[in-house]
Amino acid sequence: MYGKILENFSTTVAVMTITMNPEHALTTYEGGCHCGAVRFAVDVAPQPEIEDCNCSICRKTGFLHLIVPRSRFRLLQGEAMLQTYRFNTGIAQHYFCKTCGIKPFYIPRSNPDGVDVNVRCLDREIADMQVVKFDGQHWEQHAHTLAHKSQSSD
Ligand SMILES: [Zn+2]
């Protein structure tokens with residue numbers, strides 16, 4: 001009888017742990033610019049949805065978007081090497097390395113409380129990522145669909 005109670009109890013605890021700790025399955029990836037001056041780490045949830053955007057700047061940079069809450073991003077080195085480029089509303093802060101010109105991450109207009117990491121700048125591929133098209137040419141109509149990506153309970 002006690003065995004059954006304990007069994008139920010541990011099942012309950014296990015469920016509670018998963019529910020209360022949504023970070024349980026995050027995987028940390030490191031990445032950087034081409035010359036190595038800028039380095040960062042990012043914690044990634046399973047099966048992340050990655051946007052392939054067709055807006056004026058993303059088409060030209062080939063940026064693949066992994067948007068995360070700011071708490072899941074750490075700049076490891078190279079802050080002084082980052083140059084900022086702004087255009088249009090000026091809300092987005094497009095960072096690129098002063099030396100090699102690569103844009104490893106930036107602060108997007110859709111998620112100013114988060115960080116948008118360029119999946120192409122990670123040291124290794126995210127095997128289970130799912131790339132979806134994002135129509136950035138009609139940004140005003142679609143940006144709201146990204147807002148939840150920078151929200152986190154941590
Ligand atoms: Zn660089």
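Among contacts between residues at least 6 apart in sequence, what share joins residues at least 24 apart? In this predicted model, the share is 62%.

**Whole chain.** Start with everything in cartoon view. The protein has three helices and 10 strands. Follow the chain along its sequence and the pattern reads α-β-β-β-α-β-β-β-β-β-β-β-α. Now colour by burial. Of the 154 residues, 26% are buried.

**The three-stranded sheet.** Select β1, β2 and β5. They form an open sheet in the order β1-β2-β5, and the pairing is antiparallel. Look at the edges next: β1 (27-32) and β5 (73-77) each pair on one side only. Neighbouring strands in this sheet are turned by 25° against each other on average, direction ignored. Strands of a sheet pair through backbone hydrogen bonds. Zoom in on β2 and β5. Four bridges link this antiparallel pair.

**The largest nonpolar core.** In soluble globular proteins, nonpolar side chains tend to be buried together. Here the largest nonpolar core holds 23 residues. Select V42, L66, V68, F105, V117 and V119, which touch the most other members. Then show the elements that give two or more residues to this core: β2 (39-44), β4 (64-69), β7 (93-97), β8 (105-107) and β9 (114-118). Which element gives the most? It is β4, with four residues.

**Last stop: F105.** Centre the view on F105. Setting aside neighbours within four places in sequence, F105 is in contact with F40, Y95, V115, D116, V117 and N118. Show those side chains too. V117, like F105, is among the core residues that touch the most other members.

Note on methods. Residues are numbered from 1 along each chain as its sequence is written. This is a predicted model: local features need pLDDT of at least 70, side-chain atom pairs count only at pLDDT 80 or more; totals for chains, interfaces and linings use all residues. A nonpolar core is a set of buried Ala, Val, Leu, Ile, Met, Phe, Trp, Tyr and Cys residues joined through C-beta atoms within 7 Å. A residue is buried if 20 or more other C-beta atoms lie within 10 Å of its own, exposed if 12 or fewer, and partly exposed in between; C-beta atoms are placed from the backbone. Two residues are in contact if their C-beta atoms, placed from the backbone, lie within 7 Å. Two strands pair if DSSP finds at least two bridges between them. Axes are lines fitted to C-alpha atoms, for helices over the stretch in contact, and angles run from 0 to 180 degrees between N-to-C directions.
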